[in-house]
Amino acid sequence: MQGLRIVLTVVYILVCIGLIAAVLLQSGKSAGLSGTIAGGAETFFGKKKGIDDKLAKLTEVLAIAFLALSILMMVAIK
């Protein structure tokens, strides 16, 4: 049981660091008035997939992993 606790804790810390990094690496969504106009044009004409989309998807995956690991550690390790 002690080994499981160590493994889950290490994975949990790695997921936490990855989630923090993914959130901090994303670009801001508000760029003032020019960002509002350009943002409207991007949604109308279609937005190119880039690093921001990949970071957003990575953030979602890491957030789900964070939640699942939090619940697992709470239930499994008492």
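Me: Why is serine 70 called partly exposed?
Reply: Serine 70 has a relative accessible area of 23%. Buried means under 20%, exposed means over 50%, and partly exposed is what lies in between, using a 1.4 Å probe and protein chains only. The 23% of serine 70 falls in between, so the label is partly exposed.

Me: How do you know what kind of model this is, and which atoms and numbers it uses?
Reply: This is a predicted model, where local features need pLDDT of at least 70, side-chain atom pairs count only at pLDDT 80 or more, and totals for chains, interfaces and linings use all residues. Residues are numbered from 1 along each chain as its sequence is written, and side-chain values use heavy atoms, with hydrogens and water left out.

Me: Where does serine 70 sit, and what lies across from it in space?
Reply: Serine 70 belongs to helix H3, residues 51-76.

Me: What makes a stretch count as a helix or strand here?
Reply: Both are DSSP runs, numbered from the N terminus: helices are H or I with at least four residues, strands are E with at least two. The chain has 3 helices and 0 strands. The order from the N terminus is α-α-α.

Me: Which residues of H1 and H3 are buried, and what do they pack against?
Reply: In H3 they are Leu55, Thr59, Leu62, Leu69 and Met73. These pack against helix H1 (2-25). In H1 they are Leu8, Val15, Leu19 and Ala22, and these pack against H3. Contact means heavy atoms within 4.5 Å. Of the chain's contacts with a separation of 6 or more, 94% join residues 24 or more positions apart.

Me: Why is leucine 58 partly exposed but leucine 25 exposed?
Reply: Leucine 58, in H3, has 40% relative accessibility, so it counts as partly exposed. Leucine 25, in H1, has 60%, so it counts as exposed. Leucine 58 is 8.1 Å from leucine 19, C-alpha to C-alpha. Leucine 25 and aspartate 52 have C-alpha atoms 8.6 Å apart.

Me: What makes Leu67, Ile71, Met74 and Val75 a nonpolar patch?
Reply: Patch residues have over 30% relative accessible area and no salt bridge; nonpolar side chains (Val, Leu, Ile, Met, Phe, Trp, Tyr) are joined within 5 Å, like charges within 9 Å. A salt bridge needs a Lys or Arg side-chain nitrogen within 4 Å of an Asp or Glu carboxyl oxygen. Isoleucine 71 is at 45%, so it passes the area cut-off. Together the four have about 420 Å² of accessible area.

Me: Which residues does UniProt list as "transmembrane region"?
Reply: The unreviewed entry lists 6-25 and 58-77. Such annotations may be inferred rather than shown by experiment. In the model, residues 6-25 are 100% helix, and residues 58-77 are 95% helix.

Technical notes:
Accessible areas come from the Shrake-Rupley method with a 1.4 Å probe; for residues, only the protein chains shown count as cover.
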